[in-house]
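User: I'd like to learn how to read a protein model feature by feature. Could you walk me through this one?

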Amino acid sequence: MAHFYTAGQDSKFLENITTAPQARKRGRAWPSVTTVLGIVKDDFIDSIWQPSKLVELARENPNLHWRQIKEMTYGFREHPFTGDMIPSSEFGTAVHKRIEEWLMDGFVTASPFDEWAKPFIDWVEDNQIQVIDCERIVSDSRFKISGSVDFIGLDQDEKVFLADYKCRSCNGKGKFYGKDCKQLAIESVMLAKKLKLDYNPKIISVCICTNTAEHYHKVWTDKEFNYYFECAKMAAKTYWQERMIKP
């Protein structure tokens, strides 16, 4: 599902706008970072694996709506307290929310997802990182996109950096993809402009293993940053040309 925000420096999430035609009709709407990055398709995942998985699940669940079938393609995770199987996206959202609550409000009451959140809290404390914000919306008129940054912190050298969490099933090591860097790189550039920094903040991807709650960190290099930032810029330009501008 596509996501959109109001245009401008103080972007707000548009809950009821989920397609490019709706955004064009409303006007003054910008697509999210993840939405524009989604215009670049993977030859295997998007053309082979996902279609075959959709067919398989539809045959097994003939009475389900297609949206439910699509949600199922990304798998399920066991709820840590109830034992119920919940969509992977729901599991990830709960972990994100718990990290944000813990960092911004402190530990108040226990949560079923504390086991998956605590390693990041410990990492922040152990490295004496100052929390600037969580889930901050950034936007930029140069790209006409907006996005929500999972974590913004200040390191021991008093340099701003960004971190993004991904909940994934791992086998002893983290899973990181170019798309992760694209998202963070363009958000870093947008945040640098918003905060009037004379540098682009470093970017870190945090892979949270849904099976073991182990955390894996990847600090993206400057070379990776520059390469994937250009990719993200081109994706934003292509999305606007293809979806947001009518001939």
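Analyst: Happy to; we will take helices, salt bridges, strands and a pocket in turn. Keep in mind that this is a predicted model.

User: Now salt bridges. How many does a search of the whole structure find?

Analyst: The idea is that side chains of opposite charge can pair when their charged atoms come close. Here the search finds 12 salt bridges. Take Arg-98 and Asp-114, whose side chains meet at 2.4 Å, N to O. Arg-98 belongs to helix 5 (residues 88-105) and Asp-114 to helix 6 (residues 114-126), so this pair ties together parts that are 16 residues apart in sequence. Both Arg-98 and Asp-114 are buried.

User: Which residues form salt bridges with Asp-140?

Analyst: Arg-142 is one partner, with the closest N and O atoms 2.6 Å apart. Lys-193 is another, at 3.4 Å between the closest N and O atoms. Because Lys-193 sits in helix 7 and Asp-140 in strand 6 (residues 130-140), their pair ties together parts that are 53 residues apart in sequence. Shared partners also build networks: salt bridges join Arg-98, Glu-101 and Asp-114 into one.

User: How do I read the strands? What order do they take in the open sheet of three?

Analyst: Strands of a sheet pair through backbone hydrogen bonds, either parallel or antiparallel. This open sheet has the order 2-1-3, with antiparallel pairing. Strand 2 (13-14) and strand 3 (29-31) are the edge strands, each pairing on one side only. Three bridges join strand 1 (residues 4-6) to strand 3, and Tyr-5 has Trp-30 of strand 3 as its bridge partner.

User: And in which sense do strand 8 and strand 9 pair?

Analyst: Strand 8 (residues 160-168) and strand 9 run in the parallel sense, paired over eight bridges. Opposite Leu-162 you will find Ile-203 in strand 9. Seven of the eight residues of strand 9 (residues 202-209) are buried, so strand 9 is largely enclosed by the rest of the structure.

User: Last, pockets. What volume does the second largest pocket have, and which residues line it?

Analyst: Read a pocket by its volume and then by its lining. The second largest pocket has a volume of about 170 Å³. Its lining consists of Trp-123, Asn-127, Ile-129, Asp-155, Gln-156, Phe-161, Lys-202, Ile-204 and Val-219. By class, that lining divides into five nonpolar, two polar and two charged residues.

Terms used. Residues numbered from 1 in each chain as written. Predicted model: local features only at pLDDT ≥ 70, side-chain atom pairs only at ≥ 80, totals over all residues. Heavy atoms only, no water. Salt bridge = Lys/Arg side-chain N within 4 Å of Asp/Glu carboxyl O. Helix = DSSP H or I, 4+ residues; strand = E, 2+ residues; numbered from the N terminus. Buried < 20%, exposed > 50% of the residue type's maximum accessible area, 1.4 Å probe, protein only. 1 Å grid on protein atoms, 1.4 Å probe; cavity = no way out; pocket = protein on both sides within 12 Å on 5 of 7 lines; lining within 4 Å. Points joined across faces, edges and corners; volume = space filled by probe spheres on them. Nonpolar A, V, L, I, M, F, W, Y, C, P; charged D, E, K, R; others polar. Pairing = 2+ DSSP bridges.
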